[in-house]
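Morning, everyone. I have one structure to walk you through. Please look at the screen.

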Amino acid sequence: MNSINILVLSCGIRNKIIQYFKKELNGNGIVIAADCSELAPALYEADRHFIVPKIHDEKYLDKILKICKENNVKGILSLIDPELSTLAKHKNEFLSIGVLPIISEFNQVELCFNKYFMYKFLIKNNFKTPKSYINKEEFYRDVKEGIINYPVFVKPITGSASFNINKVYCKEEVEILFKRYNNLMIQEFMDGEEYGADVYVDMISGETVTIFTKRKIKMRAGETDKSISVKNGNLFDLLQQFVKKAGFRGVIDIDIFKVNDEYYISEVNPRFGGGYPHAYECGVNIPKMIINNIMGKVNDVNIGNYEENIYMMKYNEVMILRGNL
Ligand SMILES: Nc1ncnc2c1ncn2[C@@H]1O[C@H](COP(=O)(O)OP(=O)(O)O)[C@@H](O)[C@H]1O
Ligand SMILES: [Mg+2]
């Protein structure tokens with residue numbers, strides 16, 4: 001049998017993702033990890049690893065294509081947002097050398113990367129989402145008219161990892177932030193609970209094959225730190241409709257707010273979310289689905305097949321490396 005080698009780009013500290021792929025491959029292929037830092041711990045979890053240029057370096061793509069060819073890579077994915085557009089844009093170059101990129105189409109990736117585009121998309125398609133503005137004067141007008149009230153969230157339109165996110169209580173604060181930073185958006189404060197969904201859309205059939213949902217109990221540095229698995233038919237229906245409408249493919253991580261018993265879709269990352277281990281440990285095996293797709297097998301639709309009330313608590317680990325790098 002041909003070995004199913006999988007390349008994980010920008011692996012960083014996502015050791016669990018590497019472990020899961022190794023486990024699911026079960027010797028039928030190797031996991032190769034790449035990162036621009038030789039101190040990215042997930043590199044040393046993989047069967048083979050490469051230190052590569054930074055993602056925006058002009059040599060980056062050629063280097064990755066070369067690694068694919070020389071290591072008989074069959075599937076590729078990235079774990080960080082700024083790289084997803086590149087992977088989507090060059091999808092055909094990978095396909096032409098026999099590598100399946102686990103990623104949505106370019107337009108869908110761009111839609112996720114720009115939170116204001118996503119807001120517009122959600123509104124246009126009648127999905128509930130926190131009210132958002134990029135024009136602060138328009139926002140001030142709506143405050144005067146009582147359409148929106150403080151506090152609000154001010155955040156970068158293309159941000160991630162909770163970088164530069166502020167809860168803001170007055171106009172003066174909005175002014176200071178807009179003076180200091182470009183490309184900000186103002187968003188209605190969602191006073192409720194946060195939920196997260198891990199979704200896999202089959203790369204071959206285009207069907208949503210799995211959805212795992214969790215209520216976030218505690219966030220830390222923009223990541224889910226503690227969560228509990230939940231199941232709700234309305235939420236599954238909503239997510240299925242949304243994913244279908246947007247036309248995603250592959251692994252999708254969705255942030256949701258629940259306010260007054262209504263679900264609001266907040267933001268989408270078209271990759272493995274930092275909280276994916278919760279889904280895997282509850283039996284929602286996305287690495288296996290990816291391997292099936294790489295082998296040309298379509299996955300069966302199997303939504304909500306996991307246990308409720310399973311808690312995830314994150315904790316730190318260390319990796320020790322001896323010798324000279
Ligand atoms: N409008 C909002 N109302 C309440 N909390 C918010 C809002 N926007 C962001 N947050 C908080 O900040 C976190 C990160 O915001 P998010 O928009 O998901 O950006 P990121 O891309 O950094 O994950 C959210 O998980 C939530 O805890
Ligand atoms: Mg988020």
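How many helices and strands are there in the protein chain? There are 11 helices and 15 strands. Helices here are DSSP runs of H or I with at least four residues, strands are runs of E with at least two, and both are numbered from the N terminus. The radius of gyration is 20 Å, close to the 20 Å that the globule rule gives for 325 residues, so the chain is as compact as a globular protein of that length. That radius is taken over C-alpha atoms, and the rule is 2.2 Å times the number of residues to the power 0.38.

Some ground rules. This is a predicted model, in which local features need pLDDT of at least 70 and side-chain atom pairs count only at pLDDT 80 or more, while totals for chains, interfaces and linings use all residues. Residues are numbered from 1 along each chain as its sequence is written, chains are lettered from A and ligands numbered from 1 in the order in which they are written, and side-chain values use heavy atoms, with hydrogens and water left out.

Back to the whole chain. The C-alpha atoms fill a box of roughly 65 × 45 × 40 Å along the principal axes. Of the 325 residues, 52% count as buried. Buried means under 20% relative accessible area, exposed means over 50%, and partly exposed is in between, with a 1.4 Å probe and protein chains only.

Now an annotation. UniProt, in an unreviewed entry, places "domain: ATP-grasp" at residues 119–295. UniProt positions follow the numbering used here, feature names are shortened, and annotations may be inferred rather than shown by experiment. The span is 31% helix and 36% strand, and its end C-alpha atoms lie 36 Å apart.

Next, helix α1, residues 15–25. Its buried residues include Ile17, Ile18, Phe21 and Leu25. What covers the buried residues of α1? Strands β1, β2 and β4 are among the elements that do, and so are helices α10 and α11. After α1 comes Asn26, with a positive phi near 50°.

On to helix α8, residues 171–180, where we find Val174. Is Val174 buried or exposed? It is buried, at 0% relative accessibility. Beyond its neighbours within four places in sequence, Val174 is in contact with Lys136, Phe139, Tyr140, Tyr150, Val168 and Ile186. Contact means heavy atoms within 4.5 Å.

Now charges. The structure holds 15 salt bridges. A salt bridge is a side-chain nitrogen of Lys or Arg within 4 Å of a carboxyl oxygen of Asp or Glu. Take Glu267 and Lys115, with their closest N and O atoms 3.7 Å apart. This pair links strand β14 to helix α6, 152 residues apart. Glu267 is buried at 15% relative accessibility, and Lys115 is buried at 10%.

Glu175 pairs with Lys136 at 3.4 Å between the closest N and O atoms. Glu175 is in α8 and Lys136 in helix α7, so the pair ties together parts that are 39 residues apart in sequence. Then Asp225 and Lys218 meet at 3.8 Å, N to O. Asp225 is buried at 6% relative accessibility, whereas Lys218 is partly exposed at 37%.

One last stop, at strand β15, residues 311–313. The segment after it holds Leu321. Leu321 is partly exposed, with a relative accessible area of 40%. That is my tour. Questions, please.
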